[in-house]
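Please keep the sequence and the model in view while reading.

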Amino acid sequence: MLGSVASQEQALLQRLPPSHREGAFPRSLLAPSERIVFETKPRLVGFVGVPLLVSVIWSMIWGGAFLATFNVANWGGEVAAIVIVIAPVWCWPLLRLRNWRGSAYALTDVRVVRRSGSGGSQLQDARYDLVQQVQSDGTTIRFRIARIAGVGAAYHGGGLLGDQVVWKDVEFAAQVQVFAQAFIALYAQKIRDDQILQALRLRATANKVTCAYCHSLVDLAVLPAQRFKCPNCSAPILPPG
Ligand SMILES: [Zn+2]
């Protein structure tokens with residue numbers, strides 16, 4: 001019974017979405033004990049597709065006009081003019097490519113994380129016990145966060161507070177959503193159980209507490225599996241307050 005979180009995780013990992021990319025998320029951004037379960041990068045086409053298309057069309061239109069009216073006598077000035085007209089629009093796909101390179105998403109054993117921005121300068125996260133809902137529209141996944149006494153997602157680097165962590169342009173988003181939902185439910189429960197255990201440990205002797213109703217000694221190790229009920233009399237065993 002004690003290994004139930006681990007065995008449920010094993011069962012979940014059988015349904016790891018195909019967009020999982022081993023090594024996509026930089027380990028240097030995690031706590032030393034933190035473990036990644038699912039990681040991926042956004043779809044490249046979602047980031048640079050439209051800017052690239054616009055740049056190509058723009059270049060073709062102006063390139064065509066350039067060739068049609070090319071004046072050999074003034075070739076230097078003409079080439080300079082066409083470069084000035086075409087070059088700036090290419091900054092757009094190049095900038096988006098840079099953003100894509102800095103983007104990565106991950107589910108760890110405690111939180112959902114998103115790395116984004118130019119060069120990956122922004123890190124946004126939410127602990128699982130604060131995630132209220134996982135939504136998907138087919139490409140974007142939103143991890144909505146419960147508002148508990150002003151606690152929200154932390155935008156490290158930005159210094160802002162938000163009420164959701166957004167993964168844009170996710171491959172197999174529907175499968176990722178189902179996986180994330182099940183995984184977060186499992187680990188949110190584990191985080192809450194760990195918090196109760198920690199509080200109970202403060203009044204335990206040799207890792208055992210006394211049931212307030214039947215006075216039997218209850219081992220803390222079996223309590224999460226028993227859903228914090230006394231194995232002898234089924235009375236709830238929770239820290240006071
Ligand atoms: Zn009892």
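## A first question

Where is the place of Phe172? Phe172 lies in the loop between β9 and α5, in what is a predicted model. Although Phe172 is not a glycine, it has a positive phi of about 55 degrees. Phe172 counts as partly exposed because it has 14 C-beta neighbours inside 10 Å.

The loop between β9 and α5 is also the place of Asp169, a residue other than glycine whose phi is likewise positive, near 50 degrees. Asp169 has 19 C-beta neighbours inside 10 Å and therefore counts as partly exposed; the cut-off for a buried residue is 20 or more.

## Confidence and domains

Averaged over the protein chain, the pLDDT is 87, and 92% of the residues score at least 70.

The domain assignment divides the protein chain into domain 1, made of 4-42 + 103-193, domain 2, which covers 47-97, and domain 3, which covers 202-241. Between the centres of domain 1 and domain 3, taken over C-alpha atoms, the separation is 33 Å.

Is strand β2 largely enclosed or largely open? Five of the five residues of this strand, residues 104-108, are buried, so β2 is largely enclosed by the rest of the structure. The covering concerns both faces of β2, with Ala104, Ala106 and Thr108 buried on one side and Tyr105 and Leu107 buried on the other.

Strand β1, residues 36-40, pairs with β2 in the antiparallel sense over four bridges, and in this pairing Phe38 stands opposite Leu107 in β2. Four bridges also join β2 to strand β3, residues 111-116, and these two strands run antiparallel. Ala106 has Val113 of β3 as its bridge partner, and β2 and β3 form a hairpin with two residues between them.

## The sheet of β5, β6 and β9

A further group of strands makes up an open sheet of three strands in the order β5-β6-β9, with antiparallel pairing. Its edge strands are β5 (131-136) and β9 (164-167), each of which pairs on one side only. From one strand to the next, the twist averages 15 degrees.

β5 and strand β6, residues 141-145, pair in the antiparallel sense over five bridges. Among the residues that face each other here, Ser136 stands opposite Ile141 in β6, while Val131 stands opposite Ile145 in β6. The hairpin of β5 and β6 has four residues between the strands, and in this hairpin Gly138 takes a positive phi near 105 degrees.

## Helix α5

Which strands of the sheet does helix α5 touch? Helix α5, residues 173-201, packs on the sheet and touches β5 and β6, and its direction makes about 170 degrees with that of β5. With 29 residues, α5 reaches 41 Å from its first C-alpha to its last, close to the 42 Å expected at 1.5 Å a residue.

The buried residues of α5 are Ala173, Val176, Gln177, Phe179, Ala180, Phe183, Ile184, Tyr187 and Lys190. An α-helix has 3.6 residues a turn, so residues three or four places apart point the same way. What covers the buried residues of α5 includes α1 (4-13), together with β1, β2, β5 and β6.

## Thr210 in strand β10

Thr210 has its place in strand β10, residues 208-210. Thr210 counts as partly exposed because it has 15 C-beta neighbours inside 10 Å. When residues up to four places away in sequence are not counted, Thr210 touches His215 and Leu217. Pro240 is 30 residues apart from Thr210 along the chain, and the C-alpha atoms of these two residues are separated by 13 Å.

How values were computed
Residues numbered from 1 in each chain as written. Predicted model: local features only at pLDDT ≥ 70, side-chain atom pairs only at ≥ 80, totals over all residues. Domains from an automatic or database assignment. Buried ≥ 20, exposed ≤ 12 C-beta atoms within 10 Å, placed from the backbone. Pairing = 2+ DSSP bridges. Axes fitted to C-alpha atoms, helices over the stretch in contact; angles between N-to-C directions. Contact = placed C-beta atoms within 7 Å. pLDDT = per-residue confidence, 0-100. Expected span 1.5 Å × (residues − 1).
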